[in-house]
Amino acid sequence: MLAKALITLTLAALSTAHAVIKTPTPRTAGPTHTSLCGSPVASKLASDPAGPIESAVAKADASYKCDAYLCRGYQWGDNTGRAQSYVAGQVVPFYVDLVAAHKPGWANVSVIDLQTNKAVGTPLKTWSVWPDDVSGGGDDVDFNVTIPGTLGSACNVGGKCALQWYWWSSSNKQTYEGCVDFYVK
Ligand SMILES: *[C@@H]1O[C@H](CO)[C@@H](O)[C@H](O)[C@H]1NC(C)=O
Ligand SMILES: *[C@@H]1O[C@H](CO)[C@@H](O)[C@H](O)[C@H]1NC(C)=O
């Protein structure tokens with residue numbers, strides 16, 4: 001029985017990895033998200049906040065009108081009270097809850113223009129292997145990014161930009177993402 005339970009657990013771990021941003025406070029679900037992404041996709045995302053986007057998009061029906069690959073489809077309208085206020089040069093600590101690792105994969109954190117879904121400048125941080133395999137622990141789940149001094153007016157109010165953490169788990173072809181809304185004073 002124990003052996004069977006272990007096999008089941010191992011298979012579950014093989015098929016899906018899981019991870020989610022815990023710090024800073026990430027963008028989350030709400031009524032605007034449900035109405036734009038449709039109930040089937042929103043329910044799937046809600047059932048597993050650390051789960052892959054592909055599993056949710058697989059549920060899409062005619063009511064799917066968001067881009068789940070941008071901040072899991074979570075909407076600024078549901079998150080206006082959550083924007084972080086930063087200054088250029090500020091060091092921002094992140095913590096990612098790695099629920100289930102699946103290697104190999106790679107990850108990055110970028111400033112994203114939320115209107116165009118394009119990165120502003122180069123990524124603030126990239127990992128060529130994520131989760132990393134540094135003995136004694138690397139900086140894959142606990143890390144810092146520095147707010148660039150070059151954003152100008154691009155991110156001067158909430159809703160324009162997010163810090164997007166993006167993990168592509170290549171062996172199972174799954175995407176994990178989260179966004180932190182912010183503006184630079
Ligand atoms: C971040 O990583 C993803 C997955 O590998 C990749 O598609 C994306 O282009 C990267 N972003 C940037 C800004 O390099
Ligand atoms: C993040 O930066 C803080 C202070 O700037 C430092 O104490 C901490 O060790 C850094 N964390 C990592 C994972 O580098």
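A polar contact here is a pair of N or O atoms within 3.5 Å; within protein, one must be able to donate a hydrogen and the other to accept it, and residues adjacent in sequence count only if both atoms are side-chain atoms. The model is predicted, so local features need pLDDT of at least 70 and side-chain atom pairs count only at pLDDT 80 or more, while totals for chains, interfaces and linings use all residues. Residues are numbered from 1 along each chain as its sequence is written, chains are lettered from A and ligands numbered from 1 in the order in which they are written, and side-chain values use heavy atoms, with hydrogens and water left out.

We can begin with ligand 2. An oxygen atom of ligand 2 lies 2.3 Å from an N or O atom in the side chain of Asn144. Around ligand 2 are Val91, Asp142, Phe143 and Asn144, where a residue is near a molecule or strand if one of its heavy atoms lies within 4 Å of it. The protein buries 30% of the 360 Å² that ligand 2 exposes when taken alone; accessible areas come from the Shrake-Rupley method with a 1.4 Å probe, and for residues only the protein chains shown count as cover. This shell holds 2 nonpolar residues, 1 polar and 1 charged. Strand 7 gives the most to the shell, with 3 residues; helices (H or I, at least four residues) and strands (E, at least two) are DSSP runs, numbered from the N terminus.

Strand 3 (residues 91-100) and strand 7 run antiparallel and are joined by 5 bridges, and two strands pair if DSSP finds at least two bridges between them. Phe94 has Phe143 of strand 7 as its bridge partner.

Ligand 1 comes next. The residues around ligand 1 are Trp106, Asn108, Ser110, Ala119, Pro123, Tyr166 and Trp168. An oxygen atom of ligand 1 is 2.4 Å from an N or O atom in the side chain of Trp106, and a polar side-chain atom of Asn108 lies 2.3 Å from an oxygen atom of ligand 1. Of the 360 Å² of accessible area that ligand 1 has on its own, the protein covers 59%. The largest share, 3 residues, comes from strand 4.

Strand 8 leads on to strand 9, and the two run antiparallel, joined by 9 bridges. Trp168 stands opposite Thr175 in strand 9. The hairpin of these strands has 4 residues between them, and there Lys173 takes a positive phi near 55 degrees. In strand 9 (residues 174-184), 10 of the 11 residues are buried, so the strand is largely enclosed by the rest of the structure; buried means under 20% relative accessible area, exposed over 50%, and partly exposed in between (1.4 Å probe, protein chains only). Strand 2 (residues 84-86) runs parallel to strand 9, with 3 bridges joining them, and Ser85 has Tyr183 as its bridge partner in strand 9.

Conventions:
Ala, Val, Leu, Ile, Met, Phe, Trp, Tyr, Cys and Pro count as nonpolar, Asp, Glu, Lys and Arg as charged, and the others, Gly among them, as polar.
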